[in-house]
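Here are my notes for your first read-through. Keep the model open beside them and check each point as you go.

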Amino acid sequence: MGVYKCRAGLIWSLLFAIIITVVPKYWELRIESIPPLIPPPPAINTVPKTEIVEDTIQKNRTLVATLVDYEVPVAIANEIADLIKPVFDVRKLRFGNPFRLEKESDGTLKKFEYKIDDESVLKIQKASDAYEAKVEKLDLETRESTITAEIHSSLWEALGDLPKREYLATELAQIFQWQVDFSTEIQPGDQIRLMVEEAVHDGNFVKYGKIHAAELVNAGRRYRGFLFKDSYYDEKGVSLKGAMLASPLKFTPRVSSGFTSRRMHPILGTERAHLATDYAAPAGSPVVAVANGVVTFAGWDGGYGNLVRIRHSSGLTSGYAHLSHVTPGIRAGRAIKQSELIGLVGQTGLATGPHLHFMMTKNGTPINPVPALKKGAPAPPIEGRIKAEFADVVAPMQAKLDEIDASSPALTVAHR
Ligand SMILES: [Zn+2]
């Protein structure tokens, strides 16, 4: 029995060895002998010629019309218009923006690229059978740029024809918001110096990045701010950010009525104290909390219309009246953070036009909000181990600002 079993095993292994060595060889032969599946192209069939068109979008031409103008079949043009819907709103196609299309001589579109703006391109490409659409961001390089300006009438005017000057004006106002109230204190002769990052594409300006250093000479006083770990500090490492915002509006145009104990009320016609600051601002402008605190009142209060009152530290409160509406969720007892949106400028209650009636009290007594806001205590200074790092970052920027100041004849203002 044992011998038979052994011999049978030997025969089986032999057979198995033959199978695994011979069968693959046979398959290889088979594969080699199979003729190619795709027949070679007939000699008369020439490669389709690609045509490239570069142009700009014409006035009142839709995307479909533009494609059809360049002999892309209507069906394909419509298919493409449908395809890009999820990535780009075709109604935003802008007159004068450049595009580039590649098509074959039979009209088949291979590629279509349209420059949406300075930062993005719409790309449509034929991938095997179907078209694909996507919006691609351009590769941007950054460079440092220096801007200097003198204010004659307004910050806006001083920035002249700089591209995206509204960004610079807003950023600058935010950097120094605890030092200077840009809505009331900027005056002719004030000076601005900025070291700002610029994003460029093919050498052309696209947008501004962060402001690395800023200098403002306001009424003969010089303020400097340096960006360090996402915050602005002065040269000594003191945070520019105070505990109070300089105003409850992000970028306020002006104070229309100051704090006074006697004033003619515009609606009631009687003489009344105006224990508040009125900020003229368009209806719908965001109103923010000037400091951290706790909401003590949010809702309708007679002549004040929609009103929010906040209790802060040091016995201070702030009140925001005539709001078009209060931000949902803002209610008495809720903690609130500085710069948090509490409502929008309106003219509810007794108000002749949209404005923010802004009140503050100290230990229960009304106080003039403008100087009170200015007193916001600064955040703790830079200390210990990061001091050296701060010096390394700030020193070159400071040297650069010194250099600009030295070469500026107008800066006598700063040393007055
Ligand atoms: Zn008022």
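In what order do the five strands of the open sheet lie, and is the pairing parallel or antiparallel?

1. Start with the sheet. This is a predicted model. Its five strands run in the order β1-β2-β3-β4-β5, and they form an open sheet. The pairing is antiparallel. As background, strands of a sheet pair through backbone hydrogen bonds.

2. Now find the edges. They are β1, residues 50–56, and β5, residues 130–137. Each of these two strands pairs on one side only. Between neighbouring strands of this sheet, the average turn is 10°, with direction ignored.

3. Next, look at one pair up close. Strand β2 spans residues 98–104, and strand β3 spans residues 109–115. Five bridges link them in the antiparallel sense.

4. Finally, turn to histidine 201. Which strand holds this residue? Histidine 201 sits in β7, which covers residues 191–201. Leaving out residues up to four places away in sequence, histidine 201 touches Leu138, Asp139, Leu140 and Val206.

5. Stay with histidine 201 for the distances. Leucine 140 is 61 residues away along the chain, yet the two C-alpha atoms are 5.2 Å apart. The histidine 201 side chain also reaches the backbone oxygen of aspartate 139, at 2.8 Å.

Technical notes:
Residues are numbered from 1 along each chain as its sequence is written. This is a predicted model: local features need pLDDT of at least 70, side-chain atom pairs count only at pLDDT 80 or more; totals for chains, interfaces and linings use all residues. Side-chain values use heavy atoms; hydrogens and water are left out. Two strands pair if DSSP finds at least two bridges between them. Helices (H or I, at least four residues) and strands (E, at least two) are DSSP runs, numbered from the N terminus. Axes are lines fitted to C-alpha atoms, for helices over the stretch in contact, and angles run from 0 to 180 degrees between N-to-C directions. Contact means heavy atoms within 4.5 Å. A polar contact is a pair of N or O atoms within 3.5 Å; within protein, one must be able to donate a hydrogen and the other to accept it, and residues adjacent in sequence count only if both atoms are side-chain atoms.
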